[in-house]
Amino acid sequence: MKKKEIIYPACANPKVPQPLKPAYHAVPLQMRFNDIDMVGHLNNSVYITFFDLGKVEYFRSVFPEGVNWHHIPLVVVNINCNFYSPTYLDEPIEVTTAVTAMSERSLKMEQRIVNRETGDVKCVAQTVMAGFDPKTATGAQIDPKWREAITVFERNE
């Protein structure tokens, strides 16, 4: 089933880089009052939680038959986040997720938190996930079924 590319109004901030590839997955986010810091912005630690939510929902979309979360064959080994604009309590934000590169042992994701009405990009994260064998708690190749499913999803087939 063909998915629709996620498109927002143009972001006015010239410092925000263009996406590495189109995103076909987005999740609306709900902020809570306790997510806001003393200066009225979304606390920087909450963004990482939102990125995790985006990853979970992304994999649920890639595997509509379900994911066994007790035996997930990937772990986050690196995450970098660049902040571009503060987020306030009542903003309509969502997180987009796209796999931008993949090898036999790791993949790279780009995630963005965006105001869906204005297109204002709040932050961009680059995440590396590595294959993992939960039985031995060691690095491993990414399960070929996972690589194939992600490839199909990202090719928008």
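User: Why does W146 count as buried?

Analyst: W146 has 9% relative accessibility. Buried means under 20% relative accessible area, exposed over 50%, and partly exposed in between, with a 1.4 Å probe and protein chains only. So W146 counts as buried. This is a predicted model, where local features need pLDDT of at least 70, side-chain atom pairs count only at pLDDT 80 or more, and totals for chains, interfaces and linings use all residues. Residues are numbered from 1 along each chain as its sequence is written, and side-chain values use heavy atoms, without hydrogens and water.

User: What makes F59 and W146 an aromatic pair, and of which kind?

Analyst: Rings of Phe, Tyr and Trp (its six-membered ring) pair if their centres lie within 6.5 Å; planes under 30 degrees apart are stacked, over 60 edge-to-face, the rest tilted. F59 and W146 are 5.2 Å apart, centre to centre, with 55 degrees between the planes. That makes the pair tilted.

User: What does this pair tie together?

Analyst: F59 lies in helix 1 (residues 44-62) and W146 in helix 2 (residues 144-154), so the pair ties together parts 87 residues apart in sequence. Helices here are DSSP runs (H or I, at least four residues), as are strands (E, at least two), numbered from the N terminus.

User: How do you know that K3 lies over the face of F153?

Analyst: The charge, NZ of Lys or CZ of Arg, must be within 6 Å of the ring centre and within 35 degrees of the ring normal. K3 is at 4.4 Å from the ring centre of F153, over its face.
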